[in-house]
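The sequence and the coordinates are shown first, and the description follows.

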Amino acid sequence: MSNTRVHTSSASILSDFKEITKMRLAISVVFSSVAGYFLGADNIDFVVVTLLAIGGYLMVGASNAYNQIIEKNLDALMDRTKNRPLPAGRMTNTVAFTIASIFTVLGLVVLYVINPKTAMFGAISIFLYVSIYTPLKTKTPLSVFVGAFPGAIPFMLGWVAATGKFSIEPGTLFMIQFFWQFPHFWAIGWWLFDDYKKGGFFMLPTGKRDRGTAIQVILYTCWTILVSLIPVFGVTGKLYLTPVSGVIILVLGLGMLYYAIRLFKEKTAEAAKKLMFASVSYITLLQIVYVLDKFIRQWI
């Protein structure tokens, strides 16, 4: 009996830890950072890759923990978040704050070991997410614009970790993920509109699931596709994409645009959910195509 309770308790603690740091989101951010590193590195240093992955996870985990401390009472009002560790009472604010603080310090130290600029951008990311984006979510739809800045840093961060420099190449990677944030989060905001409303969150540009929001989703999807294709034209320094890979990116983008148009036509939560999944697939596959394109060119 006691062994069973210990096992259950350990599993519960691990589950709460994963929830407070949003492990799946953190892993996706680490994936973006590592992809950016592969694009920027002349020679792969797996020690740096490991440090980037650890530091990236720590920074994202800290941001998410701080976020859940601030939004504890609002999370308790929404169905999808009311069972999180803090609103459910399984974890105290003190424990969550301790985790967030330790993660922040360790994350910055690990990223600083890579190079100072990587640590600087990591610090900027956590500051923008926690101190500006999180408070604005209940005040204005412009919170998505603000949140797009820290959200776009990971892809660029990998390049900075590889080179120690910020230039047109990481700037382009930043722009790709920056514009992508809008259709992605507006899709989530539309899909979970009723739940967000309970917590008083303003996620959609017009504040409503209407034609205006749907049109903006389409426009920003188009911007995302166009920015993603800029490296094909050889104007982004060492960041280059072959025409063949450009066609693949275009096809992926048109797939995402298809679901954006479906949202415009149907204006349903289900259509928004499909767009959200399409957007996640787009950015993930885009990063894979970018990395494969670079290494295939090197091998050939």
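Helices (H or I, at least four residues) and strands (E, at least two) are DSSP runs, numbered from the N terminus. By that numbering, Lys267 lies in the loop between α11 and α12.

The model is predicted: local features need pLDDT of at least 70, side-chain atom pairs count only at pLDDT 80 or more, and totals for chains, interfaces and linings use all residues. Residues are numbered from 1 along each chain as its sequence is written, and side-chain values use heavy atoms, with hydrogens and water left out.

**Confidence**

The predictor's confidence in each residue is its pLDDT, from 0 to 100. The chain has a mean pLDDT of 93, with 97% of its residues at 70 or more. Where pLDDT is low, the predicted coordinates should not be read in detail.

**Helix packing around α12**

Helix α12 (residues 269-299) packs with α10 and with α11. Axes are lines fitted to C-alpha atoms, for helices over the stretch in contact, and angles run from 0 to 180 degrees between N-to-C directions. Angles under 35 degrees count as roughly parallel, over 145 as roughly antiparallel, 65 to 115 as roughly perpendicular and the rest as oblique.

| Helix pair | Axis distance | Angle |
|---|---|---|
| α10 and α12 | within 12 Å | roughly 5° |
| α11 and α12 | 9 Å | about 170° |

The helices α10 and α12 are therefore roughly parallel to each other. Their contact brings Val217, Thr224, Ile225 and Ser228 of α10 against Leu275, Tyr282, Leu286 and Tyr290 of α12. These residues divide into six nonpolar, two polar and no charged, where Ala, Val, Leu, Ile, Met, Phe, Trp, Tyr, Cys and Pro count as nonpolar, Asp, Glu, Lys and Arg as charged, and the others, Gly among them, as polar.

The axes of α11 and α12 meet at about 170°, which makes α11 roughly antiparallel to α12. The contact includes Leu252, Met256 and Leu263 of α11, and Leu275, Tyr282 and Leu286 are among the residues of α12. Its residues comprise 16 nonpolar, three polar and four charged.

**Individual residues**

Relative accessible area is called buried under 20%, exposed over 50% and partly exposed in between (1.4 Å probe, protein chains only). Thr236 lies in the loop between α10 (211-228) and α11 (243-266) and is buried, at 2%. A polar atom of the Thr236 side chain lies 2.5 Å from the backbone oxygen of Leu239. Leaving aside residues up to four places away in sequence, Thr236 touches Ile168, Glu169, Thr172, Ile230 and Pro231.

Lys267 is partly exposed, with a relative accessibility of 34%. Its phi is near 55°, a positive value in a residue other than glycine. Lys22 also has a positive phi, of about 50°, although it is not a glycine; Lys22 lies in the loop between α1 and α2 (23-40).

Leu51, in helix α3 (residues 46-70), is partly exposed, with a relative accessible area of 23%. Leu51 touches Val110, Val113 and Ile114, not counting residues up to four places away in sequence.

Methods: Polar contact = N/O pair within 3.5 Å; in protein donor to acceptor, adjacent residues only side chain to side chain. Contact = heavy atoms within 4.5 Å.
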